[in-house]
Every structure is written in structure tokens, then in C-alpha cells.
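Please find below a note for a colleague who is opening this entry for the first time. The points are meant to be read beside the sequence and the structure.

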Amino acid sequence: MFAKNIIMLSITQNWNKESKIIYYSLILLFIASIITYFYATIVGTESYFEWQIDSKIDTIPLSIDDFETGIFQFSIQYDVYVPLQTYFGGNPIISPHFTAITFVLLILFVIICLTTLSFLNNWVYFLGTFLCISYLFMQQIDILYDDFSYSTWLSLSPILIFGGISYYFFAFSIQTSFFKRFLVFLIFACLYYFVILYFANSKNGYFYIFSYSSIAAILISICFIAFVAYEIVYGCLKLVSYNTLTGGKQGNSIHFIIIFFLYITNLILQYLKNSNKIDFELLPINPFYILLLSSLLGIYGFRDRSNMFSKVLPFYPFGAVLYICWATFCCITISYFFITGNDAIIEVFEDAIHLTHIGFGIGFFLYVSLNYKYWVLQKQPVSTLVYTFQPVSFYSVYGTGILIVMVMFFYNSMFSYNQIMAGWYSQIGDAYLSDNEEVMSEEYYGKSLRFEFQNHKSNYALASIYRNRNNFKDAKYLYEKALLKKPTAFAYANVAQIQTADNQVLEAIFKIKKGLLIFKKSPQLYNNLALLYHQINMPDSAIIYFNKSISIQDLEVIKSNKIALGSKLKFEIADTSILNTDSKNIALQTTILAYKILNKISQNNPSKYLYDSTLSPQNHAFIQNYHIANLNDTDSLKMMQIDKMILRDTLNNFKNDLVFLKAIKQFYTNSKLQAFRAIDDLQLGNDQTAGKYLNTMGLWALKLQLYDMATQIFGFASNKGEKTSAINQAIAAAESGKPVSAMQMLQSISKSDTSAKEIQLIFEKIYSSDYNKILLENDELKYQFLHYNLLNLSESQIQNLFYSINNNQLKFKSGCDLFLYYFDKNEWPKCKIFIDELEKLLPNATQKLTLSQFKIKYYIATQSIINIQNEIDKIKNSDYWYFAKGFLAQNFNKKQESSQFYTQASKKLSFDTQVMLATSNYFSKINEHQQSYEILLDAITINPYSAPLFKAYTLQSLKLGIPSFAENGLAQVQKLVSQSEFVAFKKIYDKEKSILMQQ
């Protein structure tokens with residue numbers, strides 16, 4: 001109620017309805033401008049800048065499959081992706097929309113002022129109209145057109161249009177109401193700017209108009225600042241007089257003098273501190289809040305002195321309207337330059353506030369002292385007399401104030417003029433930058449720096465342009481200049497970023513620490529500092545600064561970085577609730593997935609980012625982590641998404657990684673053959689990474705016991721530069737029963753590889769040891785000797801070695817070797833012996849699964865249907881289960897079911913000779929010869945060293961009537977078997993061929 005009484009009753013209680021509507025409407029706009037003003041001054045110039053994120057995708061090797069072959073452990077590795085996100089200051093925020101709103105509001109208030117001035121009938125009309133038209137003239141609309149022949153008329157158009165309308169109302173249409181006049185101005189303004197902007201060369205033409213006229217807006221605002229500069233001193237006087245009038249004891253001249261001198265002294269100290277003359281102040285009051293207080297007090301101050309100037313500019317209603325328009329215009333202008341980060345103009349306004357409030361404040365104090373000394377001493381209510389009795393003219397206030405301001409202005413070498421020009425050119429540079437005219441914006445930012453080389457905005461904007469051109473040297477120089485007077489955390493971050501890219505990590509750390517001395521509450525700088533310490537292998541310091549950053553502001557980027565660091569350094573995250581967040585931040589979700597994978601935490605993972613329409617580095621990282629976390633997920637829709645991503649990646653930024661991921665998924669879910677084919681295609685077009693891909697394929701072949709194939713693939717990988725493949729090739733050769741080749745390979749690389757030398761010594765001992773001496777050695781050496789010399793041992797030697805091993809683990813491994821050895825030779829009774837021996841060893845869960853698979857293989861080979869039924873549920877999680885189900889269905893004449901299971905088995909077990917031969921024979925028996933042929937074709941593709949498969953393939957090719965393929969298969973059989981075995985098979989081949997020829 002108090003505010004309502006003050007604003008509405010005490011000022012407008014005797015006004016007519018039209019005047020009240022106008023005034024209240026403007027008051028609402030003024031209040032809105034004050035809110036914007038508060039926001040702008042609180043946020044400061046940093047609203048011109050924006051934190052952006054530079055995401056570097058790091059990788060952590062992960063073993064996705066560990067297996068054992070002979071005496072060696074192998075690991076198939078894949079990378080887990082973790083984004084490490086660094087903050088940096090982005091390009092300047094050029095907001096055409098905000099500029100458009102400001103431009104419209106300023107034009108609106110100029111129109112209101114022109115409307116109001118047209119009611120006055122004295123020199124104030126001419127002066128005010130001149131100022132308004134000057135603002136419009138300064139817009140320089142001719143720059144929006146290429147044809148300069150009309151530039152004169154375009155420049156004069158606001159004078160002719162708006163000046164003409166104003167003079168018409170002033171001289172001829174005196175009785176026209178305010179609303180009608182305003183409506184005419186508004187219509188012409190809308191038409192004028194619509195035509196101007198519609199035919200302009202730039203879509204942001206208003207940005208240029210506003211920017212070129214901004215210098216006029218600055219000067220008009222400075223005039224308002226001067227106009228209200230003594231209002232606080234007058235307010236103090238009124239407060240003292242009010243106390244005197246009501247009998248208060250405090251109301252006397254001493255109080256007024258003390259308050260005045262404290263106020264002026266503080267202003268002087270603030271100004272000197274801002275000018276770097278001193279380094280202290282009495283009371284750090286924001287000068288822009290001083291201006292706001294002066295503006296609000298000025299409403300009453302202007303009303304109080306209206307009696308003195310009633311014949312020139314009465315307060316009711318035109319003075320009040322002009323005052324509110326002027327005050328709002330000033331608020332909006334200052335707010336704009338704050339929000340657009342124009343530090344040069346902000347400093348101009350700071351100096352203007354300080355200088356005018358000092359100068360005009362002193363002038364008002366002298367005016368009161370000279371005119372009303374007697375009443376002050378008598379403790380009379382001087383505020384009621386200030387604007388009535390005046391032996392010394394009130395204009396002396398303005399004269400004294402202007403004199404003091406000019407003296408201080410010239411004393412400071414007219415630095416404010418340089419700042420105005422610097423800020424103006426910087427604003428024009430923004431206009432060109434909004435139109436992507438980098439060359440022109442660069443020119444104007446350069447002009448700005450010639451007037452004030454330390455202004456932050458122009459240095460930062462120009463540095464950003466150079467950084468976008470990859471001119472990091474000049475960008476760093478300009479960012480450093482931006483830090484000289486008005487530093488920002490953004491510039492510190494950018495300098496450090498460039499230093500880091502130039503391998504100056506320690507310098508970057510020092511730069512960030514220097515920034516933190518000023519910006520102690522910047523979580524972004526702490527985050528960057530933590531990452532820099534991580535980069536120089538100081539994880540403890542990195543964790544400290546991550547925690548410091550999170551304590552200031554709990555940002556998801558920083559959480560993501562901390563989890564990424566935890567993943568890399570393998571330490572536990574204390575707050576596990578973050579691992580279940582439903583955040584939409586893809587980087588955070590990616591690092592959470594990485595942490596879960598590395599720590600073997602099995603939980604539901606969000607899949608929404610799999611279907612993102614973009615394929616950014618972070619989205620790609622999430623896809624990789626998601627599929628590795630769900631390696632055994634057979635969802636075909638998710639697999640299809642990988643194919644879509646591969647097709648979408650037209651620039652081939654991530655194609656190789658996605659194809660490799662798809663191959664990994666295929667190997668562990670659907671089809672091992674497709675996985676082999678994908679890797680084979682992938683290595684052909686990628687010389688630099690071919691060795692990595694081939695080594696993975698070689699490990700797969702080794703895991704599947706395709707030793708000859710593994711030997712060949714590791715050889716290819718070694719030739720492509722994959723160092724570990726050379727040793728793997730030798731081990732694969734040893735596993736395939738080729739000790740001589742294995743030793744030759746190891747000898748060739750052992751001179752430069754200590755690991756190869758160690759393995760060579762192991763093999764030399766195994767191959768050169770005497771059987772009788774081995775029986776006296778430890779269990780480990782017995783197992784090694786048995787495993788690598790199995791093909792060269794007699795039956796009795798095999799039996800003696802096996803039963804002499806006492807260690808259950810080694811005995812189980814030996815028993816597995818012997819089962820497979822006799823299974824390949826079709827010696828079923830001996831297979832049964834070793835199944836029984838393995839069962840006696842009380843195997844663990846993993847070994848039990850292996851034993852159950854052996855039993856199923858044996859029962860299928862011996863046609864033991866009942867035993868298969870009893871054992872089959874024990875291998876339900878195994879790929880071999882599909883083959884067993886197919887076999888059972890076949891024996892129970894369930895054609896559809898058996899076909900379905902055999903098809904699945906042929907895809908999942910394409911490396912297993914027994915399975916592929918059995919499934920091929922089945923489809924051949926039911927006259928599905930084409931499918932039988934395709935199964936065998938897949939089988940020889942993944943296992944090109946199996947003689948039984950090539951024999952079956954050759955005969956099946958004959959059945960399909962493709963003799964050329966059959967001839968090729970026959971030639972391959974000849975390479976794989978002995979001469980006697982080939983002769984025997986050739987007879988079968990010729991017989992089948994003659995039968996087919998007869999048909």
C-alpha cells in the first residue's frame with residue numbers, strides 16, 4: 001500500500017484518465033526494464049559467453065573373453081569408451097532476437113517521446129525533437145543497400161518522415177489527442193522499418209541499424225545519468241528536512257554534511273580504484289545500483305522542481321511521461337550492453353555514474369549551501385524551499401557539475417572517449433558476425449582494439465574467429481590480452497586449452513590456477529584442472545579437484561568425468577546411486593556403462609540412445625559400451641540399429657568401429673561365420689588396423705580349435721605389424737601338431753622379444769624331454785609333454801602319463817585332450833573311458849558344462865537317445881544344445897522341429913566338423929540339397945583345413961550338378977590327406993560322378 005500511495009496517489013491523484021493510463025503503462029514498462037536491469041547487472045558481462053564442452057573419447061582395454069589353449073592363457077580384448085569432457089569458452093553469443101527486442105523497445109520510446117514533445121510549445125520541443133531525430137538519423141540505414149545513389153535520401157528519410165509528422169502536430173494539428181498522435185507515429189514507424197528491412201541486403205538489417213545508432217543511445221543514456229546525478233544528495237537533504245519537520249532530533253545540518261561527504265568520498269574512492277589509481281574503497285556499492293536509486297528518486301525530484309521549470313516543461317503530464325521514457329530508455333540500453341558483454345561501454349557507464357554523481361552532487365551541495373545556509377542552520381525543512389527561493393541560479397548545479405566532470409574527463413586523457421569508440425566498433429562487429437561476415441567483423445573488432453586494446457569483448461571475439469580458423473597462435477595472444485583488465489573464466493579456460501593442445505600441460509595448469517585465484521567458485525575451471533592433473537598422471541590431485549568442483553555445483557559433466565576417472569583407475573564410486581540415474585546426458589550414461597562393464601555390475605541399461613538420429617562421437621561411444629555391456633543380447637532389432645548406423649555414417653568416421661562391433665556381437669550371439677567374414681572384409685581396406693582385426697580373428701580360430709587356420713591368420717596379422725601375432729602364430733602351430741614350424745617361428749623373433757624367448761625355452765624343454773624322465777617330473781610338465789606330444793606317443797605312454805598326473809585340474813585338462821583325440825579317431829570305447837575318468841574328478845561348474853558337452857557328443861556318435869534326453873538340459877545355455885535338440889527331433893521324425901534346430905546349430909557351430917557334417921547329411925536326406933551344400937560351404941569357409949568337410953562338400957557339389965566346384969573340392973582334398981586316403985576317396989568320387997552322368 002505504501003508503494004501504491006507513493007506512486008499513484010501522491011503523483012497522479014489529480015491527473016485525468018488519459019494521462020493516468022499513459023503514465024501507468026509506462027511505469028509497468030519501467031518496472032520491467034528495472035527487472036531486466038537487475039538481471040543484467042547480476043549476471044554481468046558473462047551472459048555474452050557460454051560454456052561449451054570439448055569431449056575427448058578415451059578408451060580402456062577390456063577382456064571380453066578369456067580362454068585357455070594348452071598351457072597358455074589368451075584374452076580377446078575390446079575397448080570400453082569413456083568421454084572426458086573439458087569446458088571451454090565458446091564463440092560469442094550473438095543474439096539477433098534479443099537485439100531485435102531492444103531495437104523495437106528503443107524505437108517505441110523514441111516514438112513516445114516524439115509524441116509527447118509535440119504537445120510542448122517552446123524550445124524544449126525543438127531540443128527534444130532534435131535529440132530523438134538525431135538518434136534515428138544515426139541509424140545510417142543507407143549501409144543496408146549497395147546502391148549509394150540513394151544514400152542521401154535514405155539518410156534524410158527519418159528527418160523528413162518523423163520530423164515532418166512531429167512538426168505537423170506541433171504547428172497545425174494542435175488539438176489531436178495523445179493516442180491518435182502516438183498511433184500515427186507508430187503506423188509510420190512500422191511501415192518505415194518494414195520497407196527498410198524488407199529491401200535490405202541483410203536478414204539482420206535491424207542489427208546494423210541498432211548497432212550504428214548505439215553510440216547515440218549511449219550518449220542519450222549518459223545525459224539521463226547526469227540529469228539524475230544529484231537526486232541522492234537531494235534525497236538525503238529531504239530525509240534530514242523530514243526529520244526536522246516532524247520534530248526529530250537527528251535533523252540538522254551536521255547530519256546532512258556528514259552524509260554528503262561520506263557519499264561523495266566513497267564515490268571518489270570508487271572512481272580512483274576503477275582508474276587503478278588506488279586499491280581501496282570505503283563501501284563497495286555497485287554504481288549501477290546507485291544509478292537505479294537516483295532514477296527512482298528522480299521521479300519525485302523532477303516533480304518537486306517542476307514548479308521552477310513549469311513554464312518550460314511541466315511535470316504533469318508531459319514531464320512525467322518524458323522522464324519515465326528517458327529512464328526506461330537508459331535502463332534498457334545499459335542492460336543490453338551488459339548482456340552483450342560490451343565491457344568497454346559498461347566501463348563508460350561506470351565512469352559516467354561516478355563522475356556525474358560526484359560533479360553534480362558537489363554542485364547541488366554548493367547550491368544548497370549558498371542559497372539555504374540560514375534555513376539549514378535553523379533546522380528548517382530546506383527541501384520544501386530548494387526549488388523556490390534561489391539567489392544563486394539552479395543552473396549553477398549543472399554548470400558546476402559539467403565543469404567538474406570535464407576536468408576529470410580531460411585529467412583522465414579522455415579515456416572514456418576511447419572506450420565509447422571501442423565499444424561502438426565492437427557492437428558493429430557483432431552485427432557483421434550475426435550475418436556470418438567474419439572478414440568485416442574482424443575489421444571492426446580490430447578498430448575497437450585500436451581505441452582500447454585491453455577491452456575483453458573485442459579481444460575474445462577476435463580470438464574466437466582466429467580459433468575457428470585454426471590460427472591458435474594469434475587466438476592465444478588475443479585471449480591473453482582479454483585477461484589483462486576484465487578477465488573471465490572463459491578466457492582462462494581457452495588459453496589453457498590451446499596450451500594443452502600444444503603439449504604445454506604444466507603451463508595450462510598454472511594458467512587455470514591463476515584463473516581460480518579470481519574465479520574461486522568456477523566448477524568449470526576446477527573440472528579442467530582435474531583433467532589436466534589426470535593427464536600428467538596425478539590421480540589424487542585430479543580426484544581432489546573433481547570433488548571441489550562438484551561441491552560448488554553438482555554438474556553432470558563433472559560427475560561423468562569423475563566416473564570416467566574411476567573407471568580408468570579402477571577405484572569404486574562411493575555414491576552408487578548415480579549409477580542408476582535416468583539422466584538424459586549421454587556422456588554420463590556412457591561413463592556409467594563403462595564403469596558397470598569394468599566392475600561387472602549387471603543392471604538394466606537405457607537403450608534410448610541406440611535409436612538417436614545422429615551419430616556423434618558421444619553417441620558412438622554409448623553404442624559401443626551398450627553392446628559390450630549386453631554382449632550376449634540376441635535382440636535382432638538392436639543388431640539392425642548397428643547396420644543403420646553403418647549406413648548413416650557416410651563420412652566413415654565410425655564405420656570401422658561399428659563393423660568390428662557387429663562382428664564381435666555376431667561371434668558371441670548369432671553366427672561365427674558372419675563374424676569371420678566381417679573381419680576379413682574389414683581388414684582388407686584398413687592397412688593401419690588390419691593387424692588388430694586379424695589378430696582377433698586368429699584368437700577366435702584358436703578358441704574354436706581351428707589351429708591350422710589360426711596359424712595362417714596370425715601370420716597375416718604379423719605381416720601387418722601386429723607384434724603379439726607372431727608369438728600367437730607359433731603357439732597355434734604347436735597346437736596343430738607342428739613343433740618344427742613352431743620352433744622356427746619362435747627362433748626368428750626371440751632375439752628381439754623376451755616373451756618369445758621364454759616360450760621358446762618352454763617348448764625346447766617339452767619337445768626335447770625324454771618320456772621316461774618326464775614320468776619323474778612334476779604334474780605340470782607331464783601335462784605339457786602329453787598335450788604337445790600326443791600325436792607321437794604310443795597308447796601305453798598316453799595311459800601312463802595320464803594316470804601319473806595327480807593334480808585334478810591338470811588331469812581334467814589332460815582327460816579333455818584325450819577325449820577329443822579319440823573322438824576325432826572315432827574310437828568310442830576310449831572316449832567313454834575318459835568321460836568316466838573326468839566324472840571321477842568332481843569337476844566344478846565350468847568343467848561340468850564341458851563334460852556334459854562331451855557326453856552329448858559321445859551319445860550322438862553312439863546313437864544313445866535315452867542318454868541324450870537325460871543330459872540335454874545340462875547344456876541348455878550352450879550352443880551345442882541346438883544340435884542335440886535337432887538330433888532328438890530327427891530321431892522322433894519331427895521334421896519341422898529338427899530342421900529348425902539343425903539350421904540354428906549350423907550357424908552357431910559352423911566350426912564343429914561333426915555338427916556340420918551331421919546337419920548337411922540330414923538336409924541331404926530330406927532332399928534339401930541346396931541347404932546341405934550351403935552348410936558345407938560355410939563349414940569349409942570357416943575351417944578350410946578339414947578333410948572330412950571337403951570330402952562331403954565335393955560329393956554334394958556333384959549332387960547339385962556343379963562339377964567345376966566338385967573338381968576344386970577334390971583338389972583341396974588331395975592337399976589335405978595322404979595319397980592312399982586320396983586314392984580311396986577318388987574311387988568314391990568317380991563312382992558318384994558316373995552315377996550322376998547316367999542320370
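**Helix pairs and confidence**

1. Where α35 and α36 touch, Glu795, Ile798, Gln799, Phe802 and Tyr803 of α35 meet Lys811, Ser814, Gly815, Leu818, Tyr821 and Tyr822 of α36, contact being taken as heavy atoms within 4.5 Å. By class this contact has 6 nonpolar, 3 polar and 2 charged residues, where Ala, Val, Leu, Ile, Met, Phe, Trp, Tyr, Cys and Pro count as nonpolar, Asp, Glu, Lys and Arg as charged, and the others, Gly among them, as polar.

2. The model is predicted, and local features need pLDDT of at least 70, while side-chain atom pairs count only at pLDDT 80 or more and totals for chains, interfaces and linings use all residues. Residues are numbered from 1 along each chain as its sequence is written, and side-chain values use heavy atoms, with hydrogens and water left out.

3. Helix α35 spans residues 795-804 and helix α36 residues 808-824, and the two pack at an angle of about 155° with their axes 10 Å apart; helices (H or I, at least four residues) are DSSP runs, numbered from the N terminus. Axes are lines fitted to C-alpha atoms over the stretch in contact, and angles run from 0 to 180 degrees between N-to-C directions. The angle makes α35 roughly antiparallel to α36, a term used for angles over 145 degrees, as roughly parallel is for those under 35 degrees. The crossing of α35 and α36 is left-handed, meaning that the near helix is turned anticlockwise from the far one by less than a right angle.

4. Helix α20 (residues 523-535) packs against helix α21 (residues 539-552) at an angle of about 165°, with the axes 8 Å apart. That makes α20 roughly antiparallel to α21, and the crossing of these two helices is left-handed. By class, the contact of α20 with α21 has 10 nonpolar, 4 polar and 1 charged residues.

5. Helices α30 (residues 723-735) and α32 (residues 754-768) pack at an angle of about 15°, their axes being 10 Å apart. That makes α30 roughly parallel to α32. Ile727, Ile731 and Ala734 of α30 make the contact with Ser755, Ala756, Ile759, Phe763 and Tyr767 of α32, and by class it has 7 nonpolar, 1 polar and no charged residues.

6. The structure holds 78 aromatic pairs, a pair being rings of Phe, Tyr and Trp (its six-membered ring) with centres within 6.5 Å. The rings of phenylalanine 763 and tyrosine 767 have centres 5.7 Å apart and planes at 25°, so the pair is stacked, the term for planes under 30 degrees apart.

7. The chain averages a pLDDT of 86, and 93% of the residues score at least 70, pLDDT being the predictor's confidence in each residue, from 0 to 100. Over residues 1-9 the pLDDT is below 50, and this stretch has 8 contacts in the model beyond near neighbours in sequence.

Methods. Angles under 35 degrees count as roughly parallel, over 145 as roughly antiparallel, 65 to 115 as roughly perpendicular and the rest as oblique. Rings of Phe, Tyr and Trp (its six-membered ring) pair if their centres lie within 6.5 Å; planes under 30 degrees apart count as stacked, over 60 as edge-to-face and the rest as tilted.
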